[in-house]
Amino acid sequence: MKKIIVGLFGIALESVNFGVTALAFTQIQMLRRIKQELGCELEYWLFSDDSDCAADHIKSGDGRDDIKIKYIVRIRTGFAGLKKLNKDIKRCDLIIDLTYGDSFSDIYGIKNFYLYSLPKFISIKNKRRLIMGPQTIGPFYKKSVQIAARYILKKADQVVTRDSLSLEYAKRMTGRNDILLTSDLAMNLSYETSSCEYRIKGKLNIGLNVSLLMWKNDSENPKLNVKLPYKELVMRLLEKLKERDIAVHLIVHVYNKKGFTEYTLAEELHQQYAYTVLAPKFQNPIQAKNYMSGLDCFIGSRMHATIGAFSAGVPVIPVSYSRKFEGLYGTLGYDHCIDCSRETVSSAIKKIMDKLMNLELLRKEQKEALLKAKSMNEAYYEFLRASIEALL
């Protein structure tokens with residue numbers, strides 16, 4: 001039987017951002033399910049900065065020899081790296097590019113957009129079957145980026161969006177009517193329900209995830225769509241939660257290795273607000289999800305942190321800096337985002353507290369929305385399965 005080689009871009013198993021690793025874990029688990037069902041020989045080439053032993057991070061009973069790590073092109077690799085990337089892509093039967101979930105945009109800078117678009121351009125040039133997996137499309141601010149993005153979206157064999165806002169945006173840009181709408185892949189990330197020994201008995205236990213990205217930029221970066229003073233919001237919220245005698249677990253989902261990190265920020269907040277519980281450093285997104293599954297509610301500014309809690313059965317209150325939040329949750333009929341581009345600190349805190357006092361409604365809507373998300377992701381699975389089966 002022919003061996004099918006699937007090239008994977010825009011994900012990583014060892015990223016400091018657990019949102020990126022959650023996408024990788026789930027995408028590979030999905031491919032392994034397809035491999036088992038079809039009984040085919042399937043190999044995945046993961047183009048990333050991961051180490052050669054990164055595959056050991058995946059928990060699977062069917063072996064790890066199906067994953068090959070291929071180093072991705074960076075600026076420092078120059079022409080030699082570009083040549084090797086071109087050669088490797090030519091050997092792939094199928095390319096899946098998730099662009100780290102939200103990076104098919106210039107919201108994080110033009111350099112990142114073009115660097116992450118390079119594999120897409122090469123795949124198109126070499127006539128490799130290119131699937132842009134579930135992700136946010138846009139926004140695109142620069143005209144040059146809009147032109148490049150439109151070209152990629154038109155030439156890709158399949159575009160998959162994880163929210164209806166991205167779907168309509170991509171349709172307007174390209175005129176395509178075959179764009180597939182799903183949810184975020186991490187909605188399907190496996191986990192084990194927590195034993196909850198860390199809960200504070202007799203209290204409402206909520207998780208709080210503070211984004212260093214928003215903390216540093218505050219209201220200075222218009223692309224982040226943060227119009228309110230984020231630091232003030234966090235500190236006033238912590239004071240309000242203390243007044244209500246609510247147990248707050250500070251949970252980090254991004255672990256930078258140098259400088260002032262998101263965990264450093266959590267440690268400082270824990271020192272300043274001694275009533276809080278500082279969650280441990282997690283090794284992977286599954287550990288984080290296991291912990292969050294034992295909470296009563298979760299408030300977060302890292303979208304994949306909120307997805308981890310939400311998909312573990314916990315009602316969430318996302319504090320958003322980008323339309324990706326409203327797009328993702330709005331598509332599921334779960335309209336509980338706190339939009340930092342519209343709210344004041346006072347109105348944001350009032351909305352958060354009102355939602356916390358009405359958790360039964362959030363729980364009901366969370367259950368319904370999660371069922372919808374998993375049903376939508378099954379459509380992506382069926383599409384992938386058919387695509388791979390057609391190559392056999």
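**Ground rules.** The model is predicted, so I take local features only at pLDDT of at least 70 and side-chain atom pairs only at pLDDT 80 or more, while totals for chains, interfaces and linings use all residues. Residues are numbered from 1 along each chain as its sequence is written, and side-chain values use heavy atoms, with hydrogens and water left out.

**Threonine 174.** I found it in helix 5, residues 164-174 (helices are DSSP runs of H or I, at least four residues, numbered from the N terminus). Buried or exposed? Threonine 174 is buried, because its relative accessible area is 13% and buried means under 20% (1.4 Å probe, protein chains only).

I then looked up what its side chain reaches. The backbone oxygen of alanine 170 is at 2.8 Å, and the backbone nitrogen of arginine 176 is at 3.1 Å. Leaving aside neighbours within four places in sequence, I have threonine 174 in contact with Arg150, Leu153, Lys154 and Ile179 (contact is heavy atoms within 4.5 Å).

**Pockets.** A pocket here is an open set of points on a 1 Å grid where a 1.4 Å probe fits, with protein on both sides within 12 Å along at least five of seven lines; lining residues have an atom within 4 Å of a point. The largest pocket holds about 930 Å³ of space. Of its 37 lining residues, Ser15, Val16, Asn17, Val20 and Arg302 are the closest to the centre.

The second largest pocket has a volume of about 250 Å³. Twelve residues line it, and Glu14, Ser15, Phe18, Lys257 and Gln283 are the closest to its centre.

Methods: Helix = DSSP H or I, 4+ residues; strand = E, 2+ residues; numbered from the N terminus. Buried < 20%, exposed > 50% of the residue type's maximum accessible area, 1.4 Å probe, protein only. Polar contact = N/O pair within 3.5 Å; in protein donor to acceptor, adjacent residues only side chain to side chain. Points joined across faces, edges and corners; volume = space filled by probe spheres on them.
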